[in-house]
Amino acid sequence: MTKHTKTLILGSGPAGYTAAVYAARAGLEPLLIEGPQPGGQLTITTDVENWPGDIAVMGPDLMARMAAQARHVGVEVVADLIETVDLGQRPFVAVGDTGERYTADSLIIATGASARWLGLDSETRYRGAGVSACATCDGFFYRGKVVGVVGGGNTAVEEALFLTNFAEKVYLFHRRDALRADRTNQGRLLAHPKIEVVWNVEVQEILGEGRTVSAVALRDVASGAVRQVALEGLFVAIGHDPATQLFKGQLAMDEDGYLSVTPGSTATSQPGVFAAGDVQDKHFRQAITSAGMGCMAALEAERFLAAQPASA
């Protein structure tokens, strides 16, 4: 069976739902495919205190409200996972694992990105309760506390520096004896009185009681010796992976796999295809910036379709 839509939206995070609302209000009759994680990364977040208009809101509740709003304005939301896309023909074609075939005159990609994790059972257990992958999102909760950051690149260094605005002390745990971050960031980090770098260690386990983190077990990569460092929060900053595998060879990407867009726009290298949110944004990765890009993508899709010949 084939479903056709003027605007197909892949992804159901803030970018996808915002794009859907704007597209529906523009009369584009959008169809939104939820993907593997309906609601996106916010569904595994607890308190969100930086969403405009809400003093505090639970991540899953915020996404449920976005989904309800999208349905209210007429968005068709489909529980499916897209397995293949063909952007070399118009209309564009996407096929889901249900066997459903979707065709679209325009496409908005809002499939997001996922944080890389350490792969520890204890990390999963404390995720959202002492373990985070976003200092900007969760740093405020650690005011006056001791925290740690795992990583050695610019992201880890920037997270550690940001956390000094709240935490009493910040450890940076790195498995090598030198940072990969740029010289300027390294200088700021190494000179900061609140930051202590622990070199040549890997996080072996996150320790705690109940849902409260109390320490990390660190293994020395040279000697294998294990020691514990007391802390109350751990931020994993070892990178993100954008969900762009479907589009390799069809859309331009940067060296990290993020979709390339025209500066100041959400337009990708393929006319009629737009990218919004973390799938193209490696710098901010915030719900509000993703939502803003979702709005941009829908408005650009509307303008693209309006410019097409009537016979198209």
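This is a predicted model: local features need pLDDT of at least 70, side-chain atom pairs count only at pLDDT 80 or more; totals for chains, interfaces and linings use all residues.
**Helix α7**

I started with α7, residues 287-306. I wanted to see whether its length fits: 20 residues at 1.5 Å each should span 28 Å, and the end C-alpha atoms are 29 Å apart, so the two agree. Next I asked which residues of α7 are buried. The list runs Ser290, Ala291, Met293, Gly294, Cys295, Ala297, Ala298, Glu300, Ala301, Phe304 and Leu305. I then looked up what covers them, and the cover includes β1 (2-10), α1 (14-25), β8 (101-109) and β19 (273-275). I checked Cys295 on its own: its relative accessibility is 17%, and buried means under 20%, so Cys295 counts as buried.

**Sheet β14-β15-β16**

Here I found an open sheet of three strands, ordered β14-β15-β16, with antiparallel pairing. The edges are β14 (201-209) and β16 (226-230), each pairing on one side only. On average, neighbouring strands in this sheet are turned by 30 degrees against each other, ignoring direction. I followed β15 (residues 212-220) across to β16 and got five bridges, antiparallel. One bridge I noted pairs Val216 with Val229 of β16.

**Cysteines**

How many disulfides are there? I get one. Cys134 and Cys137 are joined, S to S 2.2 Å. The link between Cys134 and Cys137 is right-handed, with 70 degrees about the S-S bond. Are its two ends buried or exposed? Cys134 counts as buried because its relative accessibility is 16%, while Cys137 is partly exposed at 31%.

Terms used: Residues are numbered from 1 along each chain as its sequence is written. Side-chain values use heavy atoms; hydrogens and water are left out. Helices (H or I, at least four residues) and strands (E, at least two) are DSSP runs, numbered from the N terminus. The expected span of a helix is 1.5 Å times one less than its number of residues. Buried means under 20% relative accessible area, exposed over 50%, partly exposed in between (1.4 Å probe, protein chains only). Contact means heavy atoms within 4.5 Å. Two strands pair if DSSP finds at least two bridges between them. Axes are lines fitted to C-alpha atoms, for helices over the stretch in contact, and angles run from 0 to 180 degrees between N-to-C directions. A disulfide is a pair of cysteine sulfur atoms within 2.5 Å.
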